[in-house]
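Take a look at the aromatic rings in this protein and at what surrounds them. The report below goes through them in turn.

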Amino acid sequence: QVQLAESGGGLVQAGGSLRLSCAAPESESISTFEDIGWYRQAPGKEREWVARIRVGSLTVYSPSVKGRFTISRDNGKNTVYLEMNSLIPDDTAVYYCNLQRRFPAAVNYWGQGTQVTVSA
């Protein structure tokens with residue numbers, strides 16, 4: 001089982017910023033994944049997607065975070081990032097990174113999650 005190492009979560013006041021990181025093991029180059037994303041799950045709610053990089057470089061964002069969050073990746077460091085600015089209490093959730101690939105075999109990896117708490 002591939003382990004994705006997430007970090008960067010924490011407690012921040014509304015209006016503040018955080019940067020989440022998701023490091024993949026050397027055995028799995030993030031450049032080989034077709035769909036790289038960040039998801040979040042708030043208490044009592046279903047997991048929802050937040051931001052994704054698809055088919056190389058196309059980035060898409062959930063309307064709730066567009067203009068405030070930025071997803072990026074550093075192939076040299078084998079790491080995916082989520083820069084979060086202008087945070088609001090509704091952003092409070094556990095954030096998960098996700099890597100998906102269809103070839104040569106379908107794989108779908110999740111990180112262990114990192115807690116982000118935004119205080120009013």
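The charged end of R52 sits over the ring of W49, at 6.0 Å from the ring centre. A second case is R101, whose charged end lies over the ring of F33, 4.4 Å from its centre. Here "over" means that NZ of Lys or CZ of Arg is within 6 Å of the ring centre and within 35 degrees of the ring normal.

This is a predicted model: local features need pLDDT of at least 70, side-chain atom pairs count only at pLDDT 80 or more, and totals for chains, interfaces and linings use all residues. Residues are numbered from 1 along each chain as its sequence is written, and side-chain values use heavy atoms, without hydrogens and water.

Rings also meet each other. Rings of Phe, Tyr and Trp (its six-membered ring) pair if their centres lie within 6.5 Å; planes under 30 degrees apart are stacked, over 60 edge-to-face, the rest tilted. The count is 3 aromatic pairs. Two of them are listed here.

| Pair | Centre to centre | Angle between planes | Type |
|---|---|---|---|
| F33 and Y109 | 5.9 Å | 65° | edge-to-face |
| Y96 and W110 | 6.5 Å | 85° | edge-to-face |

Y39, Y96 and W110 form one aromatic cluster.

Which of these residues are buried? Buried means under 20% relative accessible area, exposed over 50%, and partly exposed in between (1.4 Å probe, protein chains only). F33 is buried at 4%. Y109 is buried at 11%, and Y96 is buried at 14%. W110 is partly exposed, at 31%.
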